Each structure stands twice: as structure tokens, then as C-alpha cells.
Amino acid sequence: MGKYCPNCYAGVGDDDQVCSNCGASLIDNNKSTEIALEAEAPLAEPIMEDASWENDKQTDEKTDSYNTTSAVSPKPSKKEEMSPVLSLGEWMLTLLLLIIPIVNLVMLIIWSADSGTNPSKRHFAQAQLIFMGIGIVLSIIFSLLFAAIFVSTMGSMMYY
């Protein structure tokens with residue numbers, strides 16, 4: 001069994017008096033005995049109701065140069081967190097619109113630029129536009145390459 005910090009559940013050594021992850025004291029001042037929790041694995045992250053604790057934790061992490069991991073996970077924005085899942089019919093309509101040649105480009109630009117669009121559809125549209133741009137650039141390069149090859153072979157086939 002390993003020892004874990006009762007504050008952040010990081011693994012600590014048997015001789016440690018202070019947690020190397022969060023800096024919490026592992027010795028009880030009243031009894032002078034170790035408080036380190038004996039367990040095989042941490043059970044869960046501590047639940048903190050107070051938002052000021054998170055702010056204090058973030059400022060402590062910015063000042064501590066030895067701490068390379070963030071104890072507070074980034075939370076998605078409320079708009080992205082609450083966005084509804086697109087149904088099968090909505091995805092089929094989206095893909096049907098993307099089959100039509102000029103409409104697909106217009107709709108991808110609209111979906112990727114509009115902040116009111118569902119985040120998953122907006123990200124899909126942005127990725128699709130990136131792939132279309134890469135495809136266009138590659139097709140121009142290959143077209144120029146084949147045109148250069150064709151012109152060079154036609155120049156060498158002149159009859160005297």
C-alpha cells in the first residue's frame with residue numbers, strides 16, 4: 001500500500017512531511033503523527049463548493065515553479081456544455097447540402113463563422129474547409145506539375 005496526500009491524493013513518500021504536489025502538511029500539529037492516507041489508489045477528487053478555493057489554487061499554481069500539472073481542469077463554456085446533440089436527420093441534411101457544388105462552400109463558410117451554430121457542426125465545417133483548402137492547393141500543384149511535364153514532352157517531339 002502506498003501513502004497519499006489527504007488534500008490532493010498525490011503519492012507521497014514514507015518520510016515526507018510536506019506534499020510535493022500541493023504543499024500540504026502531512027503531519028498533524030496536535031498529535032505529531034502522520035495524517036497521510038493509506039490506500040491503494042485515490043478514490044476521487046475532493047469536492048470543493050467554494051469557488052474562491054479554485055481561484056486560490058490557480059494563483060498558487062502560477063507562483064509555484066515546481067508544479068507542472070494543473071489541479072483544476074478547464075471547464076467548457078456554458079454554451080458548448082449545454083449544446084444539444086445533432087440528430088441523425090440533421091446530419092443527413094448537412095451532408096446532403098454538402099453534396100451540392102457551390103452550396104457546400106457557402107454553407108461551410110456560414111456554419112464555421114456563425115457563433116449560433118451547434119459547436120459540433122461548426123467544428124466540422126471548420127475542419128472541412130481546412131481539408132478543402134489543402135485539396136485545392138494540392139490540385140493546383142499537381143496540375144502545374146502535369147502541365148509542365150506535358151509541355152516538356154511536346155517540345156521534344158517536334159518534327160524536323
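What follows is a chat about one serine, its helix and the packing around that helix.

Colleague: Before we start, what kind of model is this?

Modeller: This is a predicted model.

Colleague: Fine. Where does S112 lie?

Modeller: S112 is in helix 4, which covers residues 101-113.

Colleague: Is S112 buried or exposed?

Modeller: Buried. Its relative accessible area is 16%, and the cut-off for buried is under 20%.

Colleague: And what is S112 in contact with, leaving aside neighbours within four places in sequence?

Modeller: With R122, A125, Q126 and L129.

Colleague: Which other residues of helix 4 are buried?

Modeller: Besides S112, the buried residues of helix 4 are N104, L108 and W111. Seen down the helix axis, the buried residues fall within an arc of 90°, so they line one face of helix 4.

Colleague: What does the face turned away from the buried side carry?

Modeller: The exposed residues I102 and A113.

Colleague: And what covers the buried residues of helix 4?

Modeller: The cover includes helix 3 (88-99) and helix 5 (119-156).

Colleague: Take helix 5, then. At what angle do helix 4 and helix 5 pack?

Modeller: About 130°, with their axes 8 Å apart. The two helices are therefore oblique to each other, and their crossing is left-handed.

Colleague: Which residues make that contact?

Modeller: From helix 4, N104, L105, L108, I109, W111 and S112; from helix 5, K121, R122, A125, Q126, Q128, L129 and M132.

Colleague: New topic. How far does helix 4 reach from its first C-alpha to its last?

Modeller: 19 Å over 13 residues, close to the 18 Å expected at 1.5 Å a residue.

How values were computed
Residues numbered from 1 in each chain as written. Predicted model: local features only at pLDDT ≥ 70, side-chain atom pairs only at ≥ 80, totals over all residues. Heavy atoms only, no water. Helix = DSSP H or I, 4+ residues; strand = E, 2+ residues; numbered from the N terminus. Buried < 20%, exposed > 50% of the residue type's maximum accessible area, 1.4 Å probe, protein only. Contact = heavy atoms within 4.5 Å. Expected span 1.5 Å × (residues − 1). Arc of directions from axis to C-beta. Axes fitted to C-alpha atoms, helices over the stretch in contact; angles between N-to-C directions. Parallel < 35°, antiparallel > 145°, perpendicular 65-115°, else oblique. Left-handed = near helix turned anticlockwise from the far one by under 90°.
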